[in-house]
Amino acid sequence: MAEREVKPWYREPWPWIIMGSIGTVVVGVFVTLGFAISSDDGLVAKDYYARGININKTLALEQRSEALGLGAVLTVLPNDTVQVVLQSKSRKTKFMPPPIMRFHIMHPRFAEMDKEATLTLEKDGTYSGRFAMPTEGKWEVYLEGEDWRLPILGVETPITIIRWKSLDVPVTDG
């Protein structure tokens, strides 16, 4: 039988392979921790508590638009004009169209891309105003009056016409 030469532990490869793999994991943990501490993901708002309180107000406005039976036909013309025909199907609640309406378009992830415009009521019952729609992406659109808010979710741009709640409102091509 041949005798095997016994080397000291530090001359064997296996202890170094095991310690090297553990050392690599430890270094990876510290690198990841450094990235987590130094970077800002931008998804958490600084005023998250105030926004949380406003959620109930927003829900109340949306419930009001539902009670009014509000629906809209939104038309975006090539000259950056937005036209909205607003209609109430509720027979229980009397709806008086406000003289102005706010038009919000919000990105679901990046708040800095949100835009807003004021639409004014014309003599023919159509709201209109100037607004440059984003060229692409998925957006949340809200029409808002004094005491109601009408959500139109998941709008993809470019858009021409959005029919919401399938209203029987005639749409002209401008």
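User: Before we start, what counts as a helix or a strand here?
Analyst: Helices (H or I, at least four residues) and strands (E, at least two) are DSSP runs, numbered from the N terminus. Residues are numbered from 1 along each chain as its sequence is written. This is a predicted model, where local features need pLDDT of at least 70, side-chain atom pairs count only at pLDDT 80 or more, and totals for chains, interfaces and linings use all residues; side-chain values use heavy atoms, with hydrogens and water left out.

User: Thanks! What pattern does the protein follow along the sequence?
Analyst: Reading along the sequence gives α-α-β-β-β-β-β-β-β-β. That is two helices and eight strands.

User: And how much of the protein is buried?
Analyst: Of the 174 residues, 28% are buried. Buried means under 20% relative accessible area, exposed means over 50%, and partly exposed is in between (1.4 Å probe, protein chains only).

User: Which residues touch the most other members of the largest nonpolar core?
Analyst: In that core of 23 residues, they are Val84, Leu86, Met101, Phe103, Leu143 and Trp148. A nonpolar core is a set of buried Ala, Val, Leu, Ile, Met, Phe, Trp, Tyr and Cys residues joined through side-chain atoms within 4.5 Å.

User: Which element gives the most to this core?
Analyst: That is β1, with four residues.

User: What does leucine 86 touch?
Analyst: Leaving out residues up to four places away in sequence, its contacts include Phe95, Met101, Tyr127 and Trp148. Contact means heavy atoms within 4.5 Å.

User: New topic: where does isoleucine 105 lie, and why does it count as buried?
Analyst: Isoleucine 105 lies in strand β3 (residues 100-106). It counts as buried because its relative accessible area is 0%. Beyond four places away in sequence, isoleucine 105 touches several residues, among them Phe131, Met133 and Trp139.

User: How far is isoleucine 105 from glutamate 116 in space?
Analyst: They are 6.3 Å apart, C-alpha to C-alpha, and 11 residues apart in sequence.

User: What about glutamate 144, is it buried or exposed?
Analyst: Glutamate 144 is buried, because its relative accessibility is 13%. You'll find glutamate 144 in strand β6 (residues 137-144). Not counting residues up to four places away in sequence, glutamate 144 touches Met101, Arg102, His104 and Arg149.

User: Last one: where is valine 26, and how exposed is it?
Analyst: Valine 26 is in helix α1 (residues 13-38). Valine 26 counts as partly exposed because its relative accessibility is 40%.
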